[in-house]
Amino acid sequence: MSSIERTAAGISVVRASQVCKYYGGFQALDHIDLNVEKGETIVVCGPSGSGKSTLIRCLNALERHQSGKLTVCGVEVNDSRQSVDAVRRKTGMVFQNFNLFPHMTVIENCMIAPMKVRGMSRDQARATAERFLARVHIPEQADKYPAQLSGGQQQRVAIARALSMSPELMLFDEPTSALDPEMVREVLDTMVELAKEGSTMICVTHEMNFARQVADRVIFMDRGSIVESGAPEAFFARPETERAREFLAQILN
Amino acid sequence: MSSIERTAAGISVVRASQVCKYYGGFQALDHIDLNVEKGETIVVCGPSGSGKSTLIRCLNALERHQSGKLTVCGVEVNDSRQSVDAVRRKTGMVFQNFNLFPHMTVIENCMIAPMKVRGMSRDQARATAERFLARVHIPEQADKYPAQLSGGQQQRVAIARALSMSPELMLFDEPTSALDPEMVREVLDTMVELAKEGSTMICVTHEMNFARQVADRVIFMDRGSIVESGAPEAFFARPETERAREFLAQILN
Amino acid sequence: QQAGSTLDTIIQRGKIVVGISLSTPPYGMTDASMKPSGFDVAVANLIARDLGVQLEIVDQVSQARIPNLTSNKVDIVVSSLGITAERAKAIMYTNSIYVDEQMVIAPAGTQIASLQDLVGKRVGVTRSTTNDTIITEKAVEGTNIQRFDDDAATNQALFSGQVDAIVSGVAAANAINAQTDQFQRKFAVRQSPMGIGVRRGDFDLRQWLNTEIMLLWNSGELQAAQKEWLGVVNKELPRF
Amino acid sequence: MNYLDFTGVLSRSDLLLNGLVLTAQISVAAMVIALVIAVVAATLSLNERRVVRLPVLAYVEVIRNTPFIVQVFLIYFGLPALGLRLEPITAAIVAMSIYGGAYCSEIIRAGIQGIAKGQIEAGRALGMSPLTIFRHIVLKPAVASVFPSLVAQFILLLLSSSVVSAISVPELTGTGNDIQGLTLRNMEIYLVIAVIYVALVAILKGSMTVLERVLFPFKFLRR
Amino acid sequence: MFQQYSLAHVQFMLTGLGWTVTLALIALVGGSIAGSVLTLMRVSSNAILSRIAQFYIFVVQGTPLLVTLFIAYFGASYVGFAVQPLVAIAVAFSFYAAAFLGDIWRGAIQSVPGGQHEGAHALGLSRVAAMRYIIIPQAIRIATPPTVGFFVQLIKNTSLASVVGIVELTRTAQIVSNATFKPLEVYLTAALFYFLVCFPITLFSRRLEKRLNV
Ligand SMILES: Nc1ncnc2c1ncn2[C@@H]1O[C@H](COP(=O)(O)OP(=O)(O)OP(=O)(O)O)[C@@H](O)[C@H]1O
Ligand SMILES: Nc1ncnc2c1ncn2[C@@H]1O[C@H](COP(=O)(O)OP(=O)(O)OP(=O)(O)O)[C@@H](O)[C@H]1O
Ligand SMILES: [Mg+2]
Ligand SMILES: [Mg+2]
């Protein structure tokens, strides 16, 4: 946690200032400014192609921004190997398609990174993994393979896997949109618990009930920019921009 | 339409009585009774694996039921070639994954069945196809290949393709669940138009707003049986069974 | 089976089909313009001339010589075909047209004078040839015989040092000496007469061929062919 | 001779058995080495740098576009010119390994390329190094997904061993040819050999099916 | 009597190359016809036909081509046919190619997603029409690269026809090497010829594969 205390204004986990990201000539992120404090839960929404995934992926250096300054968990994100390694070790990510490793059992999925990245012993890693599987309420699935689980269970394993590295920041990219409607709930419940326990989280999601329930802030993106940002009640009740209004009308039928 | 008038009680499009379907030892449909009148719009819902797809697929003889009696568009569904051919010619089906033919352009997709099944000339088939593409609001995409379209556009082509055979009954199996949230609307709008124009439709879907808007009846399935069936207002307001209540609670958050 | 004998068939169709291996110089090979040539080809030409028919040569690897004959692919085989009792169970031979000597050939510097000296050595030979039959039969226990598919491979094994010695005919030995003087003929293993192969039961064809061989010998044409292609002339040929 | 007589062939069944054992030995040895070559070559062929990639691609293309028999000759007869003299059996195994390695590397490369991008991203997001990702996340599923193609290639490798009799390896076909030279019963011997090869292939296929289940249980899961 | 390795030899080997390509083409055509039949048997709903095709493919793929050639070449006379060598070889190669093509094509047909069959049937297209207009056009795209790839194998494998008397490229190389005593040079030349014929086809098949994957 020492790294966080080093940042300028209190305990910022993310500080982005004027961050831009291009794919060839296409500008996917357009001068993004964003501050996330420790313990905050942020929901990011916006139309398809607006840059939500790109933003999330820049935060853990899966994509590299071209200009602007980005500090995540006290580490300035740049091209150096150390920076990238440090950022990834301090953030956990949950993908839309789970991306579990199909050739490993559930518990092996949760043990591999602690062992190979943190250098934990097999026993230590197993103990940690068991703890996090219990936290997402599927301790009994430890020895199954991902293919044997339902989508909702798989996504909870993915959450446990990310937690097993004790990240300071959790990133979620549409974690429920590949799920059957009945399974959405179990994953959201897990995320709500995490948020209430004080994890710092940034979630791309269209689940507006989730946003209402736990978000400290909702961020609305369009065409690579953050267009609106505010408390969920205010955002849902009185969106400031026309674009946000249109978007909410579509999403909420 | 003559075939329909031949059925006993007025203009029934579907009459299922005690229909059972097994996969090996597993019973996927358990004594299904169902009557659908001409012009009705039916929404089928229920948990995953409850037999919704199986029911739909039995209705156009993509699957064969083992016992019970099933009459669709005046044709008794049995193993005979004539029966299967007749049923499939009189029903149109829209799949979750579109199942467009990737090697044909949009308009060719809509022309192949009229030409090869109905024996229409190329020009006739093209004229019909153009009419239905206009009806689903994408006449300008006629010469593109499916891969060049968005998911929502693809699904609308699939609807036009099914309509091009002038079916007496349209079947939909979760037509919007493979779509991005913003594209759901355009497909649902098309379906609403169809329903309002008086098409007979059976739709498996979890879009409850669609059900509220146009369904004459909602059918709730669980473990191969039809557990509840009624007008949408009644079903949503006062589900009779515990299972339906649970299901609705999950679906509607 | 055709009506009448093979001899009748050959005369009626005006053509004789002869199996020859064209990768076994100097018996069968191709000349600078890639026409078939060699001792076997010369003999086949004489036979066709005296039968008054055209000659068609079918190229064949050494393992295929006898199967080609027994399965009616060819009328006769003139293909450096050594006479052995085992083979005579499958086909009939004419009187011999040449008597070869199987030589052991090895690098000039090595001390090899008898079969005993080959113990522990790698000896190359072409598979399914008379050379193979003879060395397999006569080799002393402990000789390491390595069988290659054709003479080119056998010779190449000797040149590249992959074997210590090879067993080969005189003519082939001449051919090696014509290329290089690094290799010597060490000793002869056995003499082996070669004949023309005929299908079992074709007695009149064999009789005609025996007559032809006698006539060619008397006219000196057979000796001339031996001289031209094999570099050796037999003093006499065994008859049976 | 227009009847089949197997006595001559069967009386030399000891020779055939030796040939069979040798065929099995050199084939299995070649499969193992080919697999190692293939993994290395496949990895290198995906390297970003051309200097690393090009020699590997050249190796693969030269081997895949020339007949095996020519490769065998070049190794057995050609290498001594460079001072490297291999025993026939060694030369055969080397030739088969190089040959099989080229084909298998293409298969494994396809397997690696078929790994979903999301898998690699998940590894990165967990902070793993590229090497760790390759070893633990990519390789095993890649091999698992192309295993059936690898088995098919192994079968072709087993069958290609029939060619090495040309450099005096007394494997099954070579032994068969020797017996053929002795008995002149070509039809019989080739029928017997064909049956033995088919049996060998069946055994190989069967054991690979078992091996697949043991090594890659996750491929056979039913929910 | 013994010749220097010369241009005449190379020309002679070029005629052998002609035979090599001819044989491969014959095998491709014959194999395609027989392979189509096998494919149909393999995907037919008749279990017996499918089994027979499967067994055929297993046996032919499980036997070295060399051995198959011998059996086809000499076997015909055992059952009373007198066939020309070229005919025997053409038949053997066609049988061999059929086993592989049948397998490749069955795989292609089966890898057309099941949804395509359902889409076709739901429109009322008959089994035959669904095959003809929906499945086979897609299967052909899938099957083209591996079929072209197999053709390269076929070209190389015609080298085995030398053992039954066809004077194709490898046999010309044997003949020349025995006349010149220069096996290395000669076989390298042959290898170069094979490479020059096969490599462009390989590249073409790669290009096809890439284009179809997009
Ligand atoms: N690797 C890439 N190369 C080129 N363009 C890309 C790449 N990744 C994303 N883009 C483009 O960048 C824009 C933003 O993409 P991004 O995935 O961040 O959108 P998103 O808001 O997550 O959308 P969705 O809701 O569909 O996931 C899109 O227009 C997309 O086409
Ligand atoms: N071809 C098949 N073979 C065996 N079992 C099958 C087959 N198709 C479906 N089933 C089983 O039949 C049951 C009903 O399946 P069905 O696809 O009709 O469910 P569903 O209600 O459409 O579910 P979902 O919402 O997931 O689409 C399930 O338990 C399924 O596993
Ligand atoms: Mg996204
Ligand atoms: Mg379903």
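Trainee: Which residues are around ligand 2?

Mentor: First, a word on what you're looking at: this is a predicted model, where local features need pLDDT of at least 70 and side-chain atom pairs count only at pLDDT 80 or more, while totals for chains, interfaces and linings use all residues. Residues are numbered from 1 along each chain as its sequence is written, chains are lettered from A and ligands numbered from 1 in the order in which they are written, and side-chain values use heavy atoms, with hydrogens and water left out. Now the general idea: a residue is near a molecule or strand if one of its heavy atoms lies within 4 Å of it. For ligand 2, that gives B:Y23, B:F26, B:A28, B:P47, B:S48, B:G49, B:S50, B:G51, B:K52, B:S53, B:T54 and B:E174.

Trainee: What are the distances from oxygen atoms of ligand 2 to the side chains of B:S48, B:T54 and B:E174?

Mentor: Think in terms of polar contacts: pairs of N or O atoms within 3.5 Å; within protein, one must be able to donate a hydrogen and the other to accept it, and residues adjacent in sequence count only if both atoms are side-chain atoms. Here a side-chain N or O atom of B:S48 sits 2.6 Å from a ligand 2 oxygen. For B:T54 the distance is 2.4 Å, and for B:E174 it is 3.2 Å.

Trainee: How much of ligand 2 does the protein bury?

Mentor: Accessible areas come from the Shrake-Rupley method with a 1.4 Å probe; for residues, only the protein chains shown count as cover. On its own, ligand 2 exposes 630 Å², and the protein buries 59% of that.

Trainee: Which elements give two or more residues to the shell around ligand 2?

Mentor: Elements are DSSP runs numbered from the N terminus: helices are H or I with at least four residues, strands are E with at least two. In chain B, β2 (26–37) and α2 (52–59) each give two or more. The largest share, three residues, comes from α2(B).

Trainee: And which residues surround ligand 1?

Mentor: Look in chain A: A:Y23, A:F26, A:A28, A:P47, A:S48, A:G49, A:S50, A:G51, A:K52, A:S53, A:T54 and A:E174. Oxygen atoms of ligand 1 lie 2.6 Å from a side-chain N or O atom of A:S48, 2.8 Å from a polar side-chain atom of A:K52 and 3.2 Å from one in A:E174.

Trainee: Is B:E174 buried or exposed?

Mentor: Buried means under 20% relative accessible area, exposed over 50%, and partly exposed in between, using a 1.4 Å probe and protein chains only. B:E174 counts as buried because its relative accessibility is 16%. Chain D has a case too: D:S168, not a glycine either, has a positive phi of about 70°. D:S168 lies in the loop between α7 (130–160) and α8 (172–183) of chain D, and at 7% relative accessibility D:S168 counts as buried.

Trainee: In what order do the six strands of the open sheet in chain A come?

Mentor: Two strands pair if DSSP finds at least two bridges between them. The order is β6-β7-β8-β3-β9-β10, with mixed pairing. At the edges, β6 (91–94) and β10 (225–230) each pair on one side only. From one strand to the next, the twist averages 20°. Inside the sheet, β7 (169–173) and β8 (201–204) of chain A run parallel, joined by four bridges, and A:M170 stands opposite A:M201 of β8(A).

Trainee: Last one: how many helices and strands does chain E have?

Mentor: Chain E has eight helices and zero strands. Its C-alpha atoms fill a box of roughly 75 × 50 × 20 Å, taken along the principal axes. Of its 214 residues, 55% count as buried. Chain E exposes about 8,900 Å², with carbon and sulfur atoms supplying 69% of that.

Key. Axes are lines fitted to C-alpha atoms, for helices over the stretch in contact, and angles run from 0 to 180 degrees between N-to-C directions.
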